[in-house]
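Dear colleague,

I am handing over the structure below, and I would be glad if you could look through it before reading on.

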Amino acid sequence: MSTVEAPSKTRAQIKERTLRKDNWRLYPITTFVIFTAWVVYATVRAFWGSAFYVPEYHYLTPFYSPCFNEICNNVTVDGHTGDAGEFGTFLPSGTRGWIPFAAISLPFLLLFRLTCYYYRKAYYRSFWAAPSACAVREPHSKYTGERRFPLIGQNLHRYFWMAAFLISLVNTWDAVRAFHGKDGGFGIGLGTVILVANVVLLWLYTLSCHSCRHVIGGRLKNFSKHPLRYRMWGWVSKINQRHGMYALITLGSLVVADLYVALVASNTISDLRIFN
Ligand code: FES
């Protein structure tokens, strides 16, 4: 008769770091390169302090929205002047280069992404090697999970989600304003298309969040008494399956939107007009 051993409280003592034969390093290395490149780009752009707004077509980069520096008012590009600081400009121009123009939204967005379940998995694997992959021994001698400072702060994700929701509304307003033509009326350019596509992807990322799914469908005893919430929960659950993909795609769409606005605002390229 075979005996069943009680589970050990220590880790399995295996000499090899891993018995895996596949290319398990690919994911953490790729993630490390992509995240590092993105953080460098975003940091440089956030403190750049110019080429953020195209007054003629009302294109505002998402990296500077909402824009709070007094420089955001009376922006002149190519003979056109306009205001990007629609929500108030309380930051004096002297803080340029020291404090990002989007001083309120950027910290929340950063914390929102930093505490996102998908990003946690990604940077735990690629930056902290905790562990680098399934069935690969990690270099750390002990594991305390997210129960202690500072990682216990990951539980604040639901509050950062609420902030991100509000900021997505502001980004939506920016995209609506980008339907602006040369003569001051309605118009569409490639910049409009890029800003709208970016905001759609941002919404998909924000609404597919696990916290959003809980806000909509959590804490209910039964769905039959809440048909609308059930329907919304079903929709959010569907896009939730692709949350990791939206997390990654929006990194790219944010860079594309920012880069395009920067190139047009600095007169490096002209906006490709589709209508007016
Ligand atoms: Fe990724 Fe909430 S879990 S944004």
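**A buried threonine and its surroundings**

T115 is buried, since its relative accessible area is 5%, and buried here means under 20%. Please keep in mind throughout that this is a predicted model. T115 sits in the loop between α2 (105-114) and α3 (117-126), and, once its neighbours within four places in sequence are left aside, T115 is in contact with R120, G153, Q154, H157 and F160.

**The chain as a whole**

The chain contains eight helices and six strands, and when read along the sequence these follow the pattern α-β-β-β-β-α-α-α-β-α-α-α-α-β. The C-alpha trace spans about 90 × 50 × 35 Å along its principal axes, and of the 276 residues of the chain 42% count as buried. The accessible surface comes to about 16300 Å², with 65% of it belonging to carbon and sulfur atoms.

**Spans listed in the record**

An unreviewed UniProt entry lists residues 26-48, 98-119, 156-173, 185-205 and 245-266 under "transmembrane region". Residues 156-173 are 94% helix and 0% strand, with their end C-alpha atoms 27 Å apart, while residues 185-205 are 76% helix and 10% strand, with their end C-alpha atoms 31 Å apart.

F35 lies in helix α1 (residues 26-48) and is buried, with a relative accessible area of 9%. Apart from its neighbours within four places in sequence, F35 is in contact with Y119, A122, F127, L248 and L251. The C-alpha atoms of F35 and R120 are separated by 12 Å, although the two residues are 85 residues apart along the chain.

S237, which is placed in helix α7 (residues 227-240), counts as buried at 13% relative accessibility. S237 and S208 are 29 residues apart in sequence, and the distance from C-alpha to C-alpha is 7.2 Å.

**Backbone points to check**

Most residues other than glycine have a negative phi, and most peptide bonds are trans.

- The peptide bond from S65 to P66 is cis, with omega near -10°, and P66 is found in the loop between β2 (59-60) and β3 (75-77).
- A130 and P131 are also joined by a cis peptide bond, with omega about -10°, and P131 lies in the loop between α3 and α4.
- N74, in the loop between β2 and β3, has a positive phi near 55°, and N74 is exposed, with a relative accessible area of 58%.
- A135, in the loop between α3 and α4, has a positive phi near 65° and counts as exposed at 62% relative accessibility.

Notes: Residues numbered from 1 in each chain as written. Predicted model: local features only at pLDDT ≥ 70, side-chain atom pairs only at ≥ 80, totals over all residues. Heavy atoms only, no water. UniProt positions renumbered as here; feature names shortened; annotations may be inferred. Helix = DSSP H or I, 4+ residues; strand = E, 2+ residues; numbered from the N terminus. Buried < 20%, exposed > 50% of the residue type's maximum accessible area, 1.4 Å probe, protein only. Areas by Shrake-Rupley, 256 points an atom, 1.4 Å probe, with all protein chains shown as cover. Contact = heavy atoms within 4.5 Å.
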